[in-house]
Amino acid sequence: MHEHGAGTPDGHETHDFDAAYWERHWQDRPAGGPPPNPYLARELGDLAPGTALDAGCGAGAEAVWLAEHGWQVTAVDVSAEALARAAERPVAGDAAGRVRWQQADLCDWRPATAFDLVTTHYAHPAMPQLDFYERIADWVAPGGTLLVVGHGSTHHHGDGPQHGDGPQPPAEATVTAADVAGRLDDAGWEVLTAGEQQRSVTAPDGRVVALRDVVVRAVRRR
């Protein structure tokens with residue numbers, strides 16, 4: 001259920017983002033995968049590692065980064081193909097023993113315990129996007145952290161950041177930082193980061209892709 005910005009849904013079509021869609025998506029993708037999202041280091045670098053859930057882990061870049069930085073990671077995705085690729089991703093040292101890959105539909109699955117960190121990166125579920133973020137936020141332990149990275153509404157593709165004539169994610173898969181933060185009530189959460197940022201990455205076909213990223217980090221109050 002994970003999709004990096006360099007491989008967003010095609011055009012403006014409407015997708016169900018169900019298991020069949022994601023299985024086709026990953027089967028059609030070239031081997032390998034993008035590097036871990038840069039917001040991990042920026043937002044989580046000062047945290048002591050604990051237990052983490054990567055919700056919609058895709059090909060596993062973020063889960064592996066977390067494991068290599070000491071986290072005990074449960075990495076969940078609806079696609080068997082994505083998880084097979086994730087399991088083949090190179091892992092430094094003994095970090096492979098700190099990742100548990102699990103195939104499940106996050107719209108139905110619930111963890112047995114809460115986590116010190118719940119994070120998701122460009123996941124598009126078969127349910128309303130903001131409802132999904134609110135759902136996984138419930139799995140953060142008191143004092144724990146939620147990190148959401150999603151697609152902003154001006155997510156352009158083209159030969160460079162200045163071009164916007166390529167495919168964009170469907171409207172139902174985009175959010176604003178204010179929308180995400182608005183699902184976290186003040187009594188239960190302290191929002192530390194809520195912003196939008198543009199950056200560029202190189203797609204598998206060599207195109208330079210401009211991403212509009214929504215980044216929200218919050219701590220559950222004890």
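**View A: the surroundings of V180.** Leaving aside neighbours within four places in sequence, V180 is in contact with L130, Y133, V148, V175, V214 and V216, where contact means heavy atoms within 4.5 Å. A word on what you are looking at: this is a predicted model, in which local features need pLDDT of at least 70 and side-chain atom pairs count only at pLDDT 80 or more, while totals for chains, interfaces and linings use all residues. Residues are numbered from 1 along each chain as its sequence is written, and side-chain values use heavy atoms, with hydrogens and water left out.

**View B: the largest nonpolar core.** This core has 26 residues, and those with the most contacts inside it are L53, V118, L146 and V180. (A nonpolar core is a set of buried Ala, Val, Leu, Ile, Met, Phe, Trp, Tyr and Cys residues joined through side-chain atoms within 4.5 Å; buried means under 20% relative accessible area, exposed over 50%, and partly exposed in between, with a 1.4 Å probe and protein chains only.) At least two residues of this core come from each of strand 1, strand 4, helix 5, strand 5, helix 6 and strand 7. (Helices, H or I of at least four residues, and strands, E of at least two, are DSSP runs numbered from the N terminus.) Helix 5 gives the most to this core, with 5 residues. Apart from this core lies another, of 24 residues, among them C57, W71, L147 and A203.

**View C: helix 5 among its neighbours.** The buried ones to pick out are Q129, L130, F132, Y133, R135, I136 and A137. What do they pack against? Their partners are strand 1, strand 4 (115-121), strand 5 (140-151), helix 6 (177-182), strand 6 (189-202) and strand 7 (208-220).

**View D: the aromatic pairs.** The structure holds 2 aromatic pairs. (Rings of Phe, Tyr and Trp, the last by its six-membered ring, pair if their centres lie within 6.5 Å; planes under 30 degrees apart count as stacked, over 60 as edge-to-face and the rest as tilted.) W109 and W139 make an edge-to-face pair, at 5.6 Å centre to centre and 90 degrees between the planes. W109 sits in the loop between strand 3 (99-103) and strand 4, and W139 in the loop between helix 5 and strand 5, so the pair ties together parts that are 30 residues apart in sequence. Both W109 and W139 are buried. The ring centres of F132 and Y133 are 5.9 Å apart with planes at 50 degrees, so this pair is tilted. F132 and Y133 are buried too.

View E: You will find D54 in strand 1, residues 51-55. D54 is buried yet has no salt bridge, and the nearest side chain of opposite charge, R89, is 9.0 Å away. (A salt bridge is a side-chain nitrogen of Lys or Arg within 4 Å of a carboxyl oxygen of Asp or Glu; Lys and Arg count as positive and Asp and Glu as negative, with His and the chain ends not counted.) Which backbone nitrogen lies 3.3 Å from a polar atom of the D54 side chain? That of A63. Beyond neighbours within four places in sequence, D54 is in contact with E62, A63, V73, T74, A75, V76, T119 and H121.

**View F: salt bridges.** The count comes to 8 salt bridges. D94 and R98 form one of them, their closest N and O atoms being 3.2 Å apart. D94 counts as exposed, at 57% relative accessibility, whereas R98 counts as buried, at 18%. Another joins the side chains of R183 and E134 at 2.7 Å, N to O. This pair links distant parts of the chain, with R183 in the loop between helix 6 and strand 6 and E134 in helix 5, 49 residues apart. R183 is partly exposed at 31% relative accessibility, as is E134 with a relative accessible area of 35%. Salt bridges that share partners also join R42, E43 and R217 into one network. Within it, the side chains of R42 and E43 meet at 2.8 Å, N to O. R42 is partly exposed, with a relative accessible area of 44%, while E43 is buried, at 4%.

View G: D186 lies in the loop between helix 6 and strand 6. Its relative accessible area is 65%, which means D186 is exposed.

Conventions:
Lys and Arg count as positive and Asp and Glu as negative; His and the chain ends are not counted. A polar contact is a pair of N or O atoms within 3.5 Å; within protein, one must be able to donate a hydrogen and the other to accept it, and residues adjacent in sequence count only if both atoms are side-chain atoms.
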